[in-house]
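Below is a short briefing on chain contacts and helix packing. The structure comes ahead of the notes.

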Amino acid sequence: MANVLGRGEKIFQVVIHIFLILFALCAILPLWVLVAGSITGEQELILEGYSFLPKSISFTAYKYLFYKAKDILNAYGITLIITIVGTVTSLVITPLLAYPLSRQDFRARNVVSFLVFFTMLFNGGIVPSYIMWTQIFHMKNTIWALIIPGLLMNGFNVILMKNYFAQNIPVELIEAAKIDGAGEFRIFAKMILPLSLPIMATVGLFVGIGYWNDWTNGLYYVTKPELYSLQNLLNRILQDVQFLSSSTVSQAAGGAASMTEMPSVSIRMAISVVGILPIMVLYPFFQKYFVKGITVGAVKG
Amino acid sequence: METKKKSSMLRKQWPFWVMIAPGMLYLLINNYGPMCGLFIAFKQIDYSKGIWKSPWIGFENFTYLFKTDAAFLITKNTILYNLLFIAVGTVMGIATGIMLSELRKKFETKFFQTVILLPYLLSWVICAYIGYAFLSKDTGLINGILRTFGMEAVDWYNDPGKWPFILLFVNVWKGLGYSSIVYMSTIIGIDRSLYESAMVDGATKLAQIRYITIPLLKSTVIMLTIMSIGRMFYSDFGLFYQMPMNSGTLYSTTQTIDTYVYRALMQQSNIGMSSAAGFYQSIVGFILVLTANAIVRKFSAENAMF
Amino acid sequence: MKLKRVAALACAAMMTVGMLAGCGGGDDAGASAGGQGAGAAGAAGGTENAGGAAAGSDDGAAANGEVEEIVFATFLSKTVDMKQIEDEINKITEPKIGVRVHIEGISMANYTNQIGLMQSGGEQLDLMGFIGTYSPWLANNQLMSMDGYIDEYGAGIKEVVGEEFLKSTTSGGSLYAVPTYNGKAAVMNIVLRKDLIEELDLPVDQLKLAANLDEYCENLDLIGEMFAKIKEAHPELVCLVPASTAPNSLLFTRVPFVDNLNDSRGVLMPGEDSTVTNLYESEDYARLLQYAYEWNQAGYILEDATTTQEAANTYVQNGRTAGYFIVGEEGQAEQITTATGVEVESIKLVQPFIATTDVNSLGFAISATSEHPEAAMKFLNEMYTNADIVNLLDWGIEGVHYEVKPDGTVDFPEGVDANTTTYGLNMDWFFGNQFLSYIWGEGRDTSVYERLDANNKSAQCTPVMGFSYDSTKVSTQIASVSNVVSEYQPGLECGAVNPETELPKFIEALNSAGLQEIIAEKQAQLDAWKAENQ
């Protein structure tokens, strides 16, 4: 494998590095602007505008958030719980559903595939969902409301996995295992899953990000501050600011409402940095397993 | 009571049913349950009577989507942007996925993958603030640079002609991490021996990509494309509403079905009308998907979704 | 081999979980337990509600025999825990009126949606506040008529709010809501930095309370001259920034003395009391847009006026703008100075004119789904007559969130400030009768409520006070027109586009979107209303 690189190969490596560095810059530069914006003195932002290297550095925006540290830490806790519980559960039920769909000998596979796919096209909207989760399942103001509705599993991930199974797991392998007398569950657990680490890692990542970033469940189903997840808390601050300064309110409340304290844009930027910082810190750790999963899968040949 | 054959088949099938049970139960509750509520689109909701007893009004909730001068514009914009995003997004996703999988040092893979994924983690409101930091006329970075070089400032938020490019860029920027990972996971799953034997035959890197990687990505591409086609009449609200800072002068190139519906219903809270919009978008998507799937089935049956 | 891989996978999964959990530490466990506890409490609350007074009677039995629990939904301008306030309120209301209130604080941005969800889902909801949604809620039958309850349980409200203002929430002879009682006679103000007024000797005292559009335009001419002076002396400053976003507007282009009949789609022009016309087609509107355009051309207006997301006060605070226009009442300048630390003057430009929506834009209503309307009304009555309740909602708990200062105002207690307070909603303009509350900010003028109240009583009101229209029949046209307005209005009203070319386009687009049909429908409803009420 590790043979000497040919000339073409070298050029190829240079070219992909150029492109990837370019993409990485495109991704990082705006983020840098975000971070710089959050630590630029408010006066400089307003008078001189944004810059890559702020002249005056001020942590006022973070100080504002520091006072909310208790709420924010609590919200981190909630977010961690729902992300872990949700992702683990999802990684159990998603492959379990996807795997039979990839098997040519599962007779109902077309019907079930269609039923799965159909859920991606139609949704009943928030009103019936809300009624169902709050009235039948009594989830309002419980932590389950942050885990179960909507996020636990989606058709996209099922189909992604099904496609992977169908493509990367040779039928002969399954047949051979069957001849050895292995049952379906044994085959699934001992053979399919280990061969599917790349897709497990991928779907796990997507589901995890989904939980981390979700704020809509919290918005609809939670009114108790101790159950606010991080993004829910941050988004409430951001959206309420937008609403508070909107013409609806200024028209309704006369000038009075405009006197309510309103975080400036640099604070709003700081808020979002707080929202993604933990991912930037934690993701490389997680990625160790992610890349491992991918490489473990890769040596299977 | 049962024939032998049938019972033996059942014996073989039951593990599959057990496996899919939890997932299907979830879909049944989470997705199919609320679908019963689609009828709201045909009702005039009267809260004192409750949803069930509110009067039916036929297709009246749908008229605002069609009986307007904007109907053509919003449909056109939604479809054209989707086509553009599917085409460019797929090409960029595949290219980046391949590049990431070709990196030789593990830490490089890790680094680039993390970095490219970062924008995906930002909410649209924040993306809009960042966009504004670049494009604002008064305080923006780009105009700041233009001014230092003595050039005229550009009024980005009042120039609709520039927005198809901006929106395309932002869409790719935000989604590239996600789509490249999807493709990368497929590429990584490809049997290495295929490449090794190709190398023995003296195939160049590009030839390997052209004749091994891309053909093997075909089914993933088709699958993802069919799924995107199902969302052909949807648009990402955050991208089209937040990014242009709700600027009125840009509507000709930024107004889509979703932003139109949002602005239409801001003054009136009418869940019948908002359900109607969702219903319309879903139905059209459904028809498009069935068509696309039928075409795929005709040409390469093994890639059809169902 | 296979086993090894499985082990690796399991290991990886466990380590991931372990690592993540480890980071959270004991905090998670606490939060999780809290979550479950909350769930249990929620469920218990549910059964209690279902059981109604039966469960509650244990507590209040001694005093009143029966305590009813109501759910009071209100919007929050920030994320705070209402439980603390709720407990204090219940200490007062349970013995006094036999009502226990549960305050459901809902995020502002999602408020209207959430109320619709709660009502359609059959969740308990008795009393709800609103901002600007009175007429759609009325049209959707989301409100319960108060007729059977107001006289018996809400006499105090009637007395405080008064006949004239209660008209604004009356429909078909029935009362459906109660407006907040605060300063209603807000008018267009120009806010200017005091240091600039003094430095450039700006003739602000020549600005007068305009009684008609001509006088208002004279004011604007004068303001234009002041802007010119400011711009000349301080070219780095702008003179105007928008004071409201989504859509962004400089506000001064609102034609004075117009009754916008809910939504500005079809209005009564000044002096008119029966014919509904198109505001955007009027000469008055065009005249005001001309100012916006000229001022923009002269560089008085912030270049990003149509898109900025910063609050006007942020611009004042950081020395970017000389001022802005805002709709306001007495005490405005003091409030801005407190908020920004910059001395400003806020000068009223027109005489007050109160339209129906100025009154019913803020208020409280009983949900159509309520099973405890009497209890809701009893509690509402407290919000208009009991200073303790009002202060709890406005400022929080005495000694914790505020303390009374020697001059009769209230301010933060020692060791607490705007950042560290656990309440600080600052929504005194919302909860019931504002004039019962303390005035925030040591050193503020405490006579302001008397002046506000006097203005309320003396202000000129619209000739059609109480007319609210039901837009359901023209909802298709409204949908279309709303889009046209949000397309053209910000550009025109911030002066970013030339009204000479753009205004005709705007008008044409409005007409083709069906504005005339809306106006015709409004006219028909107004005629019917007049026949019935006048």
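**Interfaces and helix packing**

Across the interface of chain B and chain A the rule finds one salt bridge, a salt bridge being a side-chain nitrogen of Lys or Arg within 4 Å of a carboxyl oxygen of Asp or Glu. This is a predicted model, in which local features need pLDDT of at least 70 and side-chain atom pairs count only at pLDDT 80 or more, while totals for chains, interfaces and linings use all residues. Residues are numbered from 1 along each chain as its sequence is written, chains are lettered from A and ligands numbered from 1 in the order in which they are written, and side-chain values use heavy atoms, leaving out hydrogens and water.

**Chain B with chain A**

- The salt bridge joins B:Arg104 to A:Glu9, with the closest N and O atoms 3.1 Å apart.
- Chain B brings 94 residues to the contact and chain A brings 101 residues (contact: heavy atoms within 4.5 Å).
- About 8900 Å² is buried between chain B and chain A, and carbon and sulfur atoms give 76% of that area (buried area: the accessible area, with a 1.4 Å probe, that two parts lose on being put together, summed over both).

**Chain B with chain C**

- Here the contact takes 36 residues from chain B and 37 residues from chain C.
- The buried area between chain B and chain C is about 2900 Å², with 48% from carbon and sulfur atoms.
- On the chain B side, B:Tyr47, B:Asp138 and B:Gln267 lose the most area to chain C, together 23% of what that side buries.
- The rule finds three salt bridges across the interface of chain B and chain C.
- C:Glu303 pairs with B:Lys137 in a salt bridge whose closest N and O atoms are 3.8 Å apart.

**Helix packing in chain C**

- Helix H11 (residues 283-297) of chain C packs with helix H19 (residues 499-512) of chain C at an angle of about 140°, their axes lying 11 Å apart (helices: DSSP runs of H or I, at least four residues, numbered from the N terminus; axes: lines fitted to C-alpha atoms over the stretch in contact, with angles from 0 to 180 degrees between N-to-C directions).
- H11(C) is therefore oblique to H19(C) (angles under 35 degrees count as roughly parallel, over 145 as roughly antiparallel, 65 to 115 as roughly perpendicular and the rest as oblique).
- C:Tyr285, C:Ala286, C:Leu289, C:Gln290 and C:Tyr293 of H11(C) make the contact with C:Pro499, C:Leu503 and C:Phe506 of H19(C).

How values were computed:
Helices (H or I, at least four residues) and strands (E, at least two) are DSSP runs, numbered from the N terminus.
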